[in-house]
Amino acid sequence: MTKKANEFQVTSKINLKKIPTSLILEKSDKKMEKELKKVRRELGDLQNILYAYGKYSVLVCIQGMDTSGKDSLIREVFKDFNIRGVIAHSFKKPTKLELKHDFLWRHYKVLPDRGKYAVFNRSHYENIIIARVHPEIILRENIPHINSVEDITEEFWTKRIHQIKNFENTISSNGCIIFKFYLHISKEEQKRRLLRRLNKPNKNWKFAPEDMEERKLWEEYIQNYEKAINETSTKNAPWYVIPSDHKDQARLLVAKILKEKMSTYKDIQNPSLPPHLEMKLDEYKKILKE
């Protein structure tokens, strides 16, 4: 798979319906799995250097329709990371405490420390995607002057998008490297995956009747994903649209993009020992060998 990160990065307005949900498979599943193992080991090495360097952090946001493969992608791509250097957060329905704060608070408080990765399984973008499909969600936030769905105007959504961009600009300017991946699957592929959940007893637990109702809103979700991606893909916080009908292919693409982009940060290096300690290395070795 020779495609470069820039081929998937959103740098101008996109139409999701015109972007393929799968690519021509150049390699077998086994070959892609083998390549993924190699790339994720290299990513793990880069993460160790990031941790030692201690000046940057990395935020990886994973978004996509239900069944797009978010959980398994996170598991497979970050498998070779040092456990102390990566934390995954899955954002569900806000808690009572979270609803007492602004919508970004629960995301702010789990941002990665310098030297570490945070992976958001769903993210702050739920607040302008799912909340736009179901605006009644906004009413739970108890925002002044928002007393009914009718009060949630287009101006409200425009402000919220600006707030998200300001959030990302702030953390980026303070050393957080941001990746945002949209796992792009077809409606037909989602149907196959939902049927698999029903047909395999060990997958039944993943199925919920609400999945069927949400599927009816497919077009509305796609429109809102497209709008969010077009309005928030920036140089410092780019979106990547990943064809995801084939899970192995999607995982490899995400891993390669992360590796390619992280490799461009030439200043991220293992720190050197202070000169007075470096001069004594042979002495310390000799002591340990005695």
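Predicted model: local features only at pLDDT ≥ 70, side-chain atom pairs only at ≥ 80, totals over all residues.

Q: How many residues has H1, and how far does H1 reach from its first C-alpha to its last?
A: One compares the span with the value expected at 1.5 Å a residue. H1 has 25 residues and reaches 36 Å, close to the expected 36 Å.

Q: Which residues of H1 are buried?
A: An α-helix has 3.6 residues a turn, so residues three or four places apart point the same way. In H1, the buried residues are Met32, Glu35, Leu36, Val39, Arg40, Leu43, Gly44, Gln47 and Leu50. Their cover includes strand E1, helix H2, strand E3 and helix H10.

Q: What do the buried residues of H10 pack against?
A: H10 covers residues 247–262, and its buried residues include Leu252, Leu253, Ile257 and Met262. The buried residues of H10 pack against H1, E1, H2, E3, E4 and E5.

Q: At roughly what angle do the axes of helix H6 and helix H9 cross?
A: To describe a helix pair, one considers the distance, the angle and the handedness. The axes of H6 (residues 154–173) and H9 (residues 218–232) come within 10 Å and cross at roughly 50°, which means that H6 is oblique to H9. The crossing is right-handed.

Q: Which residues make the contact between H6 and H9?
A: H6 contributes Glu154, Ile161, Lys165 and Glu168, while H9 contributes Lys227, Glu231 and Thr232. By class, this contact has 1 nonpolar, 1 polar and 5 charged residues.

Notes
Residues numbered from 1 in each chain as written. Heavy atoms only, no water. Helix = DSSP H or I, 4+ residues; strand = E, 2+ residues; numbered from the N terminus. Expected span 1.5 Å × (residues − 1). Buried < 20%, exposed > 50% of the residue type's maximum accessible area, 1.4 Å probe, protein only. Contact = heavy atoms within 4.5 Å. Axes fitted to C-alpha atoms, helices over the stretch in contact; angles between N-to-C directions. Parallel < 35°, antiparallel > 145°, perpendicular 65-115°, else oblique. Left-handed = near helix turned anticlockwise from the far one by under 90°. Nonpolar A, V, L, I, M, F, W, Y, C, P; charged D, E, K, R; others polar.
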